[in-house]
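Trainee: I would like to go through this model and ask what stands behind each label.
Mentor: Go ahead, and we will set each value against its cut-off.

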Amino acid sequence: MARSRPRVWLVAGCAAVLLWASVAQLVAVGRLLLLFGLAGDAHPSPPPSALPPPRIYKSNGYLKVSCNGGLNQMRSEICDMVAVARLLNLTMVVPELDKRSFWADQSNFGDIFDVRHFIDSLRDEVHIIKQLPEKLGPTDSDIIILEMPPVSWSDEKYYLHQILPLFSKYSVIHFNKTDARLANNGISTELQLLRCHVNFHALKFTPQIEGLGNKLVHKLRAKGSFVALHLRYEMDMLAFSGCNHGLSPEEAEELKKMRYAYPWWRDKEIDSQAKRSQGLCPLTPEEASLVLKALGFQKDALIYIAAGEIYGGDRRLEPLRAAFPNLVRKEMLLDSEVLRQFQNHSSQMAALDFIVSTASDVFIPTFDGNMAKLVEGHRRFLGFWRSVVLDRRKLVELLDLYTTKTISWDNFASSVWEAHKNRVAQPSCRRKLENRPKEEDYFYANPHECLANSTLCS
């Protein structure tokens, strides 16, 4: 292949990205301001609109939910459980957040999300209270609270036929695990729209988080266009996945011991090489640097690392920093005293990365975890802002060919570009797979019922 061909594509592609991003930002700026308050102090928010009238209904009981996982997993769980409460005419208690996970984050719902806004913005759908009435508390011996996890990937029939009848015996049901408990597909349009309303409007970050996220975005904007790279190369991700490519034997053993130490993580042997070849491992920082270069990003590109602490620290980031010196993190952009209140609270730190990633000119995740999926969904909602969905299976094949000098850089770069020129978030229908819900396209990555192209999928 001629050497000039990738360069022509590169110039054209970069120009298209900048033009497209500018137009999309103008079109979607109203939505962005609504979601994250990015207007800044110079443009105060308009007075709040009148609250919608509360929906009047006879409550069938109280629903408590305890979310599990990281911030973005819990976010989707909250959306699902609000939809379940609406379906069953339940009074919902403000959700409890996970405090038992690897991160040991003690944040409560109100530390991350605006509780009053959450309750008020959903008052025409679900009655939400901050806590159970005292008469239903643990001191009342006549009240029995049923603790249970709903069945995964369940549809409306499951909740109507299996869960609702339980309220004839119990006044309160506590869903103590809520990840992926509502199906992606086969849900009424009304409930799908409600899930979107919760996700895009009701779950508003606290003013403190919004303000700091706003500050990060403005600092980055002052430097020009920027890429948000969700570099999922933290210790917990590597331990959980069993992916150890590029690690020393000692590091691989350390992560394996960590995986076995957490009973709710996988406790079996994992073939890391086989898993990587299937595209099921996050890219290493070095692999990410090669992919970014192949996609046409120049050395002076401003790249924001949206991630927690990278395993191996600065040493592991060195290949990426050498390729892209304008590599920044929130810790580099914010005063340590300002950031101190959020440190040791992984979900609050993740919220800052979520705001920046959503507002970026280009979003590229190196692994398709919960944050990658929810950010992609938000960027679709804002007007299909540019998100590059990496084909890791193809990339691993090409990376191995290049690093073993089987193919030249020009062949590698042109092959990566060819494989990804159409892998950007664009209007599309979710993939549905009968009896294989885990393999379907995820609702929160592509909530097409709530987007401008929804008629294409009806």
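**Labels and their grounds**

Mentor: Start with Asp441, which has a relative accessible area of 28% and is partly exposed. Keep in mind that this is a predicted model.

Trainee: What makes Asp441 partly exposed?
Mentor: Buried would need a value under 20% and exposed one over 50%. Asp441 has 28%, so the label is partly exposed.

Trainee: How do you know that Arg431 and Asp441 form a salt bridge?
Mentor: The cut-off is 4 Å between a side-chain nitrogen of Lys or Arg and a carboxyl oxygen of Asp or Glu. For Arg431 and Asp441 the closest N and O atoms are 3.6 Å apart, so the pair meets the rule. Both residues sit in the segment after H18, ten residues apart. Arg431 is partly exposed, at 44% relative accessibility.

Trainee: How many salt bridges does this rule give?
Mentor: The count is 26. One network, joined by salt bridges that share partners, holds Arg86, Glu125 and Glu190.

Trainee: What makes Lys64 and Glu96 a salt bridge?
Mentor: Their side chains come to 3.5 Å, N to O, and the limit is 4 Å. The pair links distant parts of the chain, with Lys64 in strand E1 and Glu96 in the loop between E2 and H3, 32 residues apart. Glu96 is partly exposed, at 35% relative accessibility.

Trainee: Which residue forms a salt bridge with Asp353?
Mentor: Lys330 does, at 2.8 Å, N to O.

Trainee: Are Asp353 and Lys330 buried or exposed?
Mentor: Buried means under 20%. Asp353 has a relative accessibility of 3% and therefore counts as buried. Lys330 has 2% and therefore counts as buried.

Trainee: Which residues does Asp353 touch?
Mentor: Leaving out residues up to four places away in sequence, they are Tyr304, Ile305, Ala306, Ala307, Lys330 and Met371. Tyr304 is also the bridge partner in E7 of Ala228.

Trainee: Why are E6 and E7 called paired?
Mentor: Pairing takes at least two bridges. Strand E6 (residues 227-230) and strand E7 (residues 303-305) have three, in the parallel sense. E6 and E9 are also parallel, over four bridges, and His230 stands opposite Pro365 in E9.

Trainee: What is the order of the strands in this open sheet?
Mentor: The order of the four strands is E8-E7-E6-E9, with parallel pairing. E8 (327-328) and E9 (362-365) each have a single partner strand, so they stand at the edges, and one side of each is left without a neighbour in the sheet.

Trainee: Which residues cover the faces of E9?
Mentor: Val362 and Ile364 lie on one side, Phe363 and Pro365 on the other, and all are buried.

Trainee: Which strands does E1 pair with?
Mentor: E1 (residues 62-65) is parallel to E2 (residues 91-93) over two bridges, with Tyr62 opposite Thr91. E1 is also parallel to E5 (residues 172-175) over four bridges, and Val65 stands opposite Phe175. With helix H2 (residues 71-88) between them in the unit's naming, E1 and E2 make a right-handed β-α-β unit.

Trainee: How do you know that the span of H6 agrees with its number of residues?
Mentor: At 1.5 Å a residue, the 14 residues of H6 (residues 189-202) should span 20 Å, and the end C-alpha atoms are 18 Å apart, which agrees.

Trainee: Is Lys405 buried or exposed?
Mentor: Exposed means over 50%. Lys405 has 73%, so the label is exposed. Its phi is positive too, near 60°, and Lys405 is in the loop between H17 and H18 (409-420).

Notes. Residues are numbered from 1 along each chain as its sequence is written. This is a predicted model: local features need pLDDT of at least 70, side-chain atom pairs count only at pLDDT 80 or more; totals for chains, interfaces and linings use all residues. Side-chain values use heavy atoms; hydrogens and water are left out. A crossover is right-handed if, with the strands pointing away from the viewer, the path from the first strand over the helix to the second runs clockwise. The expected span of a helix is 1.5 Å times one less than its number of residues. Contact means heavy atoms within 4.5 Å. Buried means under 20% relative accessible area, exposed over 50%, partly exposed in between (1.4 Å probe, protein chains only).
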